[in-house]
Amino acid sequence: MENTERKLHIQVPEQIMKPFSYCTEEGRKVFCLNLSDWMITEEKINELGTEPGYYPSDIETQLSEDFEAKFGDVKKFLNDIDKKGPVELTIERQQAIFRFFDNMHHRGSLFKELFNRSSNLPAKSTAEIVKMHLDGNVPNLFYDFLHCQGYSISMLANHTKVGLISLMNCFYPGPGGRFYMPISPYKAIVLANQNDSQFFRDRKPLIAPVYDEEQVRRLNDFALYHERRCGNQFVFAKTIDELQRLQSKRDDIVPSII
């Protein structure tokens with residue numbers, strides 16, 4: 001009997017994929033590098049990274065309303081910013097970003113593995129761990145760590161012809177101890193220490209411009225490396241070029257970024 005349950009995104013939401021997508025007669029699609037076989041395919045964004053009925057309806061509703069919708073409003077605001085200089089973020093917008101990062105952290109396969117390895121409880125699925133997090137029974141370790149280390153929110157603007165890629169895990173650690181979440185091929189939210197002069201001035205966030213294509217490629221290397229290490233599912237992009245480059249670096253991607 002055919003499964004009629006609605007397909008739900010396990011980790012990366014459709015709203016993250018949409019700016020990386022293009023229109024087809026079948027709907028919006030992205031180019032996807034599948035890390036199980038290293039093949040590049042075209043995938044519909046409403047199907048990529050989904051599983052029918054993965055989250056119970058109450059959890060899916062809470063994720064959608066409390067995390068994804070609020071983050072979506074902030075993401076639209078940030079994508080509409082074209083100027084350089086300080087970024088004005090209200091406390092509410094900052095909280096929405098931090099909570100979204102934290103939620104993506106708890107929805108990842110690496111967190112599930114670490115949680116089950118360190119817990120005396122019976123092994124939990126990602127859906128069960130997310131439920132525990134929503135109920136306040138799993139600490140916000142990622143957010144707490146960043147807060148204690150003096151991290152805050154800034155932005156990167158890519159002014160090159162090489163697009164940023166994204167990943168199932170949504171964000172990744174990169175150069176300088178920063179965390180990057182691409183929200184389009186040309187914009188990324190960056191979590192960095194407020195003393196980082198590239199992204200902050202007088203502890204106020206900046207839009208840091210990037211004009212060097214090699215710098216963008218290196219960030220994409222980090223994205224692929226992190227996905228291989230933490231989920232080994234897929235990375236995706238709006239155009240095929242960067243995925244073909246990464247595909248050809250299958251065996252040497254790790255030494256190239258360390």
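Visitor: Which residue stands opposite V235 in β14? Please go on from there to the surroundings.

Guide: L33 stands opposite V235 in β14. This is a predicted model, in which local features need pLDDT of at least 70 and side-chain atom pairs count only at pLDDT 80 or more, while totals for chains, interfaces and linings use all residues. Residues are numbered from 1 along each chain as its sequence is written, and side-chain values use heavy atoms, with hydrogens and water left out.

Strand β14 covers residues 234–237. Helices (H or I, at least four residues) and strands (E, at least two) are DSSP runs, numbered from the N terminus. Two strands pair if DSSP finds at least two bridges between them. Strand β3 (residues 27–34) pairs with β14 in the antiparallel sense, over four bridges. Strand β8 (residues 166–167) also pairs with β14 in the antiparallel sense, over two bridges. There, L167 has V235 as its bridge partner.

Both faces of β14 are covered. F234 and F236 on one side are buried, as are V235 and A237 on the other. Buried means under 20% relative accessible area, exposed means over 50%, and partly exposed lies in between (1.4 Å probe, protein chains only).

The loop between β7 (151–158) and β8 contains V162, which is buried at a relative accessible area of 9%. V162 touches E213, V216, R217, N220 and E242, not counting residues up to four places away in sequence; contact means heavy atoms within 4.5 Å.

A salt bridge is a side-chain nitrogen of Lys or Arg within 4 Å of a carboxyl oxygen of Asp or Glu. The structure holds seven of them. E214 and R217 form one, at 2.6 Å from N to O; both lie in helix α7 (residues 213–230), three residues apart, about one turn of the helix. R245 and D221 form another, at 3.0 Å from N to O. R245 lies in helix α8 (residues 241–248) and D221 in helix α7, so this pair ties together parts that are 24 residues apart in sequence. R245 and D221 are both buried.

R245 also forms a salt bridge with E242, with the closest N and O atoms 2.8 Å apart. These two are three residues apart in helix α8, about one helical turn, and E242 is buried, as is R245.
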